[in-house]
Amino acid sequence: MGKITSRPGTMLYPVPTVMVSCSDGEKDNIITIGWSGIVNSEPPMTYVSVRKERFSHHLIGAKKEFVINLVNEDLVKAADYCGVRSGKDVDKWTEMNLHREKASIVDVPMIAESPVSLECVVRDVKELGSHDMFLAEIVSVHVDEKYVGENGAFEFERMKLTAYNHGKYYGLRKEPLGFFGYSVMKPKTAKRKRKEAAGKRRQEYLKAAKARNGNRVGSGRRQKSK
């Protein structure tokens with residue numbers, strides 16, 4: 001069987017689900033964006049594409065700053081609401097019980113409930129047709145401390161992040177199929193990586209079990225009643 005040819009369209013899926021907070025200095029808003037991504041490493045650059053008629057287009061254009069807030073499963077309903085309601089008509093922060101958090105560089109609030117927030121400064125604007133692309137430099141990154149491991153590594157696998165795929169939201173909680181460079185890794189290194197991953201999963205299981213059982217889980221032996 002072969003592929004069916006279709007007309008040109010936006011069929012690059014899945015895409016990240018992000019909530020973009022923005023402000024013109026007087027009013028701030030949240031807009032949910034599907035067209036976003038990374039375009040450069042040094043300096044770290046990203047973009048968001050917004051239709052001219054959207055209320056947030058003016059806000060981003062006024063300050064030339066915005067914050068990309070990643071969406072986990074707990075924020076999906078809020079993300080959907082912020083994508084279909086206009087900031088001209090409703091206060092999305094109040095309606096979705098979201099809280100503002102002060103950013104470190106830009107004069108735009110972050111969403112406190114988001115696991116990761118990226119402060120962005122617009123460096124260029126490209127008019128593309130239906131959308132304007134705001135090309136921006138990521139000037140600061142904030143990660144919720146509960147997702148930072150003991151060694152300082154960011155534990156994205158615990159954030160329950162989401163993606164948008166052809167009109168629907170999906171969770172990303174399954175085990176990874178691989179990791180960067182695994183296709184060319186030496187067997188000895190791959191074995192060590194698998195062992196480390198298994199050990200980490202066991203520690204996470206024990207930690208969760210202790211929380212469920214009032215910190216009474218130990219080596220697996222039953223504790224005698226006193």
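This is a predicted model: local features need pLDDT of at least 70, side-chain atom pairs count only at pLDDT 80 or more; totals for chains, interfaces and linings use all residues.
Ser 36 sits in strand 4, which runs over residues 36–40. Ser 36 counts as buried, because its relative accessibility is 10% and the cut-off for buried is under 20%. Its side chain reaches the backbone oxygen of Tyr 47, at 2.9 Å. If we set aside residues up to four places away in sequence, Ser 36 touches Pro 16, Val 18, Thr 46, Tyr 47, Val 48 and Ile 68.

Now the chain as a whole. The protein chain has four helices and twelve strands. It has 226 residues, and 34% of them count as buried. Take the contacts with a separation of 6 or more: 58% of these are between residues 24 or more positions apart. The accessible surface comes to about 15,700 Å², and carbon and sulfur atoms hold 51% of that.

Just after helix 1 comes Lys 64, with a positive phi of about 60 degrees. Lys 64 is in the loop between helix 1 and strand 6. With a relative accessible area of 37%, Lys 64 is partly exposed. As background, most residues other than glycine have a negative phi. Lys 160 is another residue other than glycine with a positive phi, in this case near 55 degrees. Lys 160 lies in the loop between strand 10 and strand 11, the latter being 162–165. It is partly exposed too, with a relative accessible area of 38%.

On to helix 2, residues 76–84. Its buried residues are Ala 78, Ala 79, Tyr 81 and Cys 82. Why do these lie on the same side of helix 2? Because they cover an arc of only 165 degrees around the axis. The general point is that an α-helix has 3.6 residues a turn, so residues three or four places apart point the same way. The face turned away from the buried side of helix 2 carries the exposed residues Lys 77 and Val 84. As for what lies over the buried side, the cover includes strand 2 (18–23), strand 3 (28–33) and helix 3 (92–95).

Cys 82 brings me to the cysteines. Cys 82 is buried, with a relative accessible area of 0%. Cys 120 is buried as well, at 0% relative accessibility. How many disulfides does a search of the whole structure find? It finds zero.

Then there are the peptide bonds. In general, most peptide bonds are trans. The bond from Tyr 13 to Pro 14 is cis, with omega near -5 degrees. Pro 14 is in the segment before strand 1, which is 15–16. Glu 42 and Pro 43 are also joined by a cis peptide bond, with omega about -5 degrees. Pro 43 is in the loop between strand 4 and strand 5, and strand 4 is where we started, with Ser 36.

Last, some aromatic residues. A pair of aromatic rings is described by the distance of the centres and the angle of the planes. The count here is two aromatic pairs. Phe 154 and Phe 156 have ring centres 6.3 Å apart and planes at 80 degrees, so that pair is edge-to-face; the cut-off for that label is over 60. Phe 154 is partly exposed, at 44% relative accessibility, and Phe 156 is partly exposed at 38%.

Phe 179 is in the loop between strand 12, which is 168–171, and helix 4, which is 187–212. Is Phe 179 buried or partly exposed? At 40% relative accessibility, it counts as partly exposed. Leaving out neighbours within four places in sequence, Phe 179 is in contact with Met 185 and Lys 193.

Key: Residues are numbered from 1 along each chain as its sequence is written. Side-chain values use heavy atoms; hydrogens and water are left out. Buried means under 20% relative accessible area, exposed over 50%, partly exposed in between (1.4 Å probe, protein chains only). Helices (H or I, at least four residues) and strands (E, at least two) are DSSP runs, numbered from the N terminus. The arc is that of the directions from the helix axis to the C-beta atoms. Contact means heavy atoms within 4.5 Å. Accessible areas come from the Shrake-Rupley method with a 1.4 Å probe; for residues, only the protein chains shown count as cover. A polar contact is a pair of N or O atoms within 3.5 Å; within protein, one must be able to donate a hydrogen and the other to accept it, and residues adjacent in sequence count only if both atoms are side-chain atoms. Rings of Phe, Tyr and Trp (its six-membered ring) pair if their centres lie within 6.5 Å; planes under 30 degrees apart count as stacked, over 60 as edge-to-face and the rest as tilted. A disulfide is a pair of cysteine sulfur atoms within 2.5 Å.
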